[in-house]
Amino acid sequence: MATKIVNSLAGLPAEVTVKKLVKRSNYDELWISFPESERICPHCSSQDCIIKDSGKNYTVYHSAVHHRSTHLHMQRKRYYCKSCRRTFMQHPDWLHPTLHITQLLHINICLSLTKMLSLRTVAEENGVSESIVYSDLDLISFDTVKSLPQTIAIDEFKGDSSTWSSDRQRWIKAKYHTNIIDGDSRSVIDILPVIRASDLKKYFRQFPKHERDNVHFYCCDMHNGFVSVARDVFPQAVICIDMFHVIKHLNDCVSKIRRQLQRELEPTDPDYKLLKGSMRMLIAKQSSIDAKYDQKAPVVKKRLINC
Ligand SMILES: [Zn+2]
């Protein structure tokens, strides 16, 4: 029970046994042991492996507990594979495969990196050096998009990521980002921390012309930049403005005319009041107009038709 509590507090797997704990001025050192797992050769996947020797002492960084860095010391066995005659070290799955850190610390560093924090702050938060954060950041990569779908949907959203400016030597926060979606599979193709048409054109021009000509439909809102990108980069594609923005634009046009007519009337004119409160009626369904606005409707219609 005591082992379980210690492991739980330290964020260690249940299989680990803490043999010794030493508290230093600003970090803790734990000496641990763990049971042997399946012997599978990482080179040829053979299970015909024997212990070569008890290995060497191995030290890794672990997730900070109560803002104190934690160092784990352990002994890892060395195995010999009889099939390929190569050796390899015991490597439990809670250790990071390439860095000298635990998987829990790796996850915590990745979570910290999603926030608007400097690398130094991320390193301090997790009780590691900046070089470890750099190494972890370098391992994060995303596949580049190689081909374009037949239907592209594009829209902007408010985000808070930043891009590194080598000229200004600092991170520049991008207020708006662009989301590019495969309209056929409804999956995200890419997210760009830019919204300017020139940047989007530059991005799409990375794809060869035959790929861009393969795009048949380009869906966007009425943002001029998005439309100009389609005309310039996807000349073969049909530009589809989504329904929401079409209806919104029509409603805005009707509202604009109503306000214009209203301004031409004196506030004492009976039609003034009718027009002022008629916006809902003008955008309502015909069935609702008949039911709710049967008295107002003819007068407002007359005013609008005469304009
Ligand atoms: Zn092998």
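**Close-up 1. Geometry of the zinc site in a predicted model.** The site of the zinc ion is tetrahedral, with angles of 104 to 119 degrees among its 4 donor atoms; four donors count as tetrahedral if all angles lie between 85 and 135 degrees. The ideal angle for four tetrahedral donors is 109.5 degrees. The model is predicted, so local features need pLDDT of at least 70 and side-chain atom pairs count only at pLDDT 80 or more, while totals for chains, interfaces and linings use all residues. Residues are numbered from 1 along each chain as its sequence is written, and side-chain values use heavy atoms, with hydrogens and water left out.

**Close-up 2. Cysteine donors of the zinc ion.** C41, C44, C81 and C84 each coordinate the zinc ion through SG, at 2.2 to 2.3 Å; donors are N, O and S atoms within 2.8 Å of the metal (3.2 Å for Na, K and Ca). Their spacing in sequence is C-x2-C-x36-C-x2-C. C44 sits in the loop between β2 (27-33) and β3 (49-53) and C84 in the loop between β6 (78-81) and β7 (87-89), so the pair ties together parts 40 residues apart in sequence. Strands are DSSP runs (E, at least two residues), numbered from the N terminus. C44 is partly exposed at 34% relative accessibility, and C84 is partly exposed at 25% (partly exposed lies between buried, under 20%, and exposed, over 50%; 1.4 Å probe, protein chains only).

**Close-up 3. Strand β6 and its partners.** β6 runs antiparallel to β3, joined by 4 bridges, and pairs with β7 in the antiparallel sense over 3 bridges; pairing requires at least two DSSP bridges. R78 in β6 stands opposite D53 and has M89 in β7 as a bridge partner. In the hairpin of β6 and β7, with 5 residues between the strands, R85 takes a positive phi near 60 degrees.

Notes. Four donors count as tetrahedral if all angles lie between 85 and 135 degrees; four count as square planar and six as octahedral if opposite donors are over 155 degrees apart and all others between 65 and 115; anything else is irregular.
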